[in-house]
Amino acid sequence: MSTARDEILRRIAAAHTAAPPPPLAYADIERGYLTGGEATGEALAEVLVDRLRDYKALVRRVERTQLPAAVAAALTARGVARLVVPDGLPPAWLAETTVDVLRDGEGHRLGVDDLDGADGVLTGCAVAMAETGTLVLDASPDQGRRALTLVPDYHLCVVLPESVCDDVPAGLARLDVTRPLTWVSGPSATSDIELERVEGVHGPRTLEVIVVHDTQD
Amino acid sequence: MSPTTGPVLLGMPGRPTTSPRGVGNLRGEETFPQAARHALADAQLRRNLGHATATIRAKRAAVVAERPDWEELREAGRQLKVHTMAHLPDYLVQLEAAVTARGGVVHWARDATEANQIVTALVQATGAAEVVKVKSMATAEIGLNEALEAAGIAAYETDLAELIVQLGHDKPSHILVPAIHRNRAEIRQIFLSEMGDVDPALTDDPAVLAGAARLHLRRKFLSAKVAISGANFGVAETGTLAVVESEGNGRMCLTLPETLITVMGIEKVVPRAQDLEVFLQLLPRSSTGERMNPYTSMWTGVTPGDGPQAFHLVLLDNGRTAVLSDAHGRDALNCIRCSACLNVCPVYERAGGHAYGSVYPGPIGAILSPQLTGIEDNASLPYASTLCGACYDACPVKIDIPTILVHLRAEHTEAHAREHKVPSPESLAMKAAAYVMGNPRRWTLALRSARLGRLLGRRRGVIGPVPVPVAQQWTGTRDIPQPPQQSFRDWWAGEHRPVAAARPSGEPGPAPRTEPDRRGQDRGAGS
Ligand code: SF4
């Protein structure tokens, strides 16, 4: 008996016999598009901030030494009382805040109701693509599993200078796609009503990003 | 065993296997001209469509203009697709192996019926009586919701537009924004009468309507055991699946339930992870007119402790291999479902998505649906176009839709001639047209010298003269646009310069409703 798998593969082969496809090897595919520009450091961070603001994300720019104070200030401004954090978050980031911290990690998973009851979540990110204003979470220790950044209504994300890169090709090259990836470009949004963009549907309705820079000479 | 060595393969293959009749949503109840007549009589619908498509055209143009390498990206996208289709068995087998190695289970479905059976059985095995769904063209195509319902399983659409369609007992009319035919006031009415849990003081502010949808679906997401999704891309090299979305309903479905079932057309496979750098730049700019869509999720099999712990991938044929067997039509499989071709199409803008009778409306639907079902089941669709070429220019993977339309018209007239054993001058005209359109230089010359309308049509200068009842209905539909009186490029330049209120030439009637401008950019809209 022929399985569906065999039959579909056989149909494809028959189609190729009936209408031979043009030969085009993978290596011969023309990739004339841009990959990574010349901009670095501050210039890239500026593009990133511009794009994030365009998506209606809130943005704070601070020097690395000011990060703990910026975290505390953002949480206070938002009125966060219960904050979800992944186990691997650098403890220094929380040094100046007094909010209740709900930790999630191996052996002590928060339930969805805990996440739903929290006021926000704080994470880092794996890569930030300046040109599209995209933050990629890859479930590293400072980001945690995917549900953490999904259920709470407020996501505070720290972007360190070393994670900022130029564009999609440059960012993708740094990622391991077999990790669970979430690419975030602004807060959740919809264009389903008259194609007018509205921020805030099922994912976090507020995205706040702290873009960190090192002290310039 | 190599599946490519069966003796039946040699010589002339039999008739390609198309999507089965009686299941799924690829066929309408009426021909395009009949269905279009209802739409053309509906002034509200035409205003809604005109407003929405003008908005999205302007957004797309702005973000495309930002990329100096847009043409290079399009060409890379096109070549990637051409290469993949030529090596489809290898990539599908590689994808299967990679997904399996990471703890997923791969199923193959010859057609809609088989896919529905597989998914239904998988849901039943979990004991769940309901599922949450992410918007997916493939599952709409196969009529999965109807099949699940017949098995006593409730399927909840979670995309805002799909929710509007589902609550309104309606059909989708656009690939990206299935409820594009509804305006905010109509959506408010649907929510008030169908949601059950909605505040009666609900306004028609889109943000308020989105908030109502959030509340309505929250519990469903947090308690769902099974989710069903489609996939925008499946990476053969790594087994990684990708879903591109905006609202976060996709993330909810892909992350929270215990079991995830993904239905993916076989043409969605891409060779390597690096190839996503091309498609993830082309798709958002072409579809919602954004630099990047708010959320893209990627997952590879099962990740312990993160997301669904059971993952099933259903690879769907349902007529795709039939499309592949047509050298002139197979590029329709290269589509990444961005919907740019719908938004620029003057016929779509007036007739709306429902007139196409299939889940795939607009220019892509006009070339894809007839090939998936066999031309006889969607014979009028290849005529649902003025051949103006706007779709080709907009398409991020450079699918030459006008040429495929002409090819399908020729195929249809030939089939008709064969059946009726009469000579068919029309098939000759179509062949001539296909020849002219098969080469950019000949095509441009034809546009300049004769205009294609004169090249093809003899009666009343109408494009698409067909020797079948379709033709009489088509030409009898007064409102369907005449062929462009000027070349598309001239027309486009004349009509689309201002941001607002673009209308195909010759269109009388009220201007699309424009919102009070919030960004102070309404120059040119005061006429
Ligand atoms: S045919 Fe091209 S423009 Fe139309 S939906 Fe597909 S990819 Fe987009």
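Me: I've read that a crossing is left-handed if the near helix is turned anticlockwise from the far one by less than a right angle, and right-handed if clockwise. Which hand does the crossing of α8(B) and α9(B) have?

Reply: That crossing is left-handed. Bear in mind that this is a predicted model, where local features need pLDDT of at least 70 and side-chain atom pairs pLDDT 80 or more, while totals for chains, interfaces and linings use all residues. Residues are numbered from 1 along each chain as written, chains are lettered from A and ligands numbered from 1 in written order, and side-chain values use heavy atoms, without hydrogens or water.

Me: At what angle do α8(B) and α9(B) pack?

Reply: Helices here are DSSP runs (H or I, at least four residues), numbered from the N terminus. Angles run from 0 to 180 degrees between N-to-C directions of axes fitted to C-alpha atoms over the stretch in contact. Helix α8 (residues 160-167) and helix α9 (residues 184-194) of chain B pack at about 65°, axes 10 Å apart.

Me: Which residues meet there?

Reply: Contact means heavy atoms within 4.5 Å. Leu160(B), Ile164(B) and Leu167(B) from α8(B) meet Ile187(B), Ile190(B), Phe191(B) and Glu194(B) from α9(B). That's six nonpolar, no polar and one charged (Ala, Val, Leu, Ile, Met, Phe, Trp, Tyr, Cys and Pro count as nonpolar, Asp, Glu, Lys and Arg as charged, the others, Gly among them, as polar).

Me: How do α3(B) and α12(B) cross?

Reply: Their axes come within 9 Å and cross at roughly 115°, and this crossing is left-handed. The residues of their contact divide into seven nonpolar, three polar and three charged.

Me: What surrounds the ligand?

Reply: Its shell (a heavy atom within 4 Å) includes Cys335(B), Arg337(B), Ser339(B) and Ile401(B). Overall, the shell has nine nonpolar, one polar and one charged.

Me: How many residues join the contact between chains B and A?

Reply: Chain B gives 111 and chain A gives 80. The buried area (accessible area, 1.4 Å probe, lost on joining, summed over both) is about 8,300 Å², with 59% from carbon and sulfur atoms. There are 14 salt bridges between the chains (Lys or Arg side-chain nitrogen within 4 Å of an Asp or Glu carboxyl oxygen). One links Arg110(B) to Glu7(A), closest N and O atoms 2.9 Å apart.

Terms used. Helices (H or I, at least four residues) and strands (E, at least two) are DSSP runs, numbered from the N terminus. Buried area is the accessible area (1.4 Å probe) that two parts lose on being put together, summed over both.
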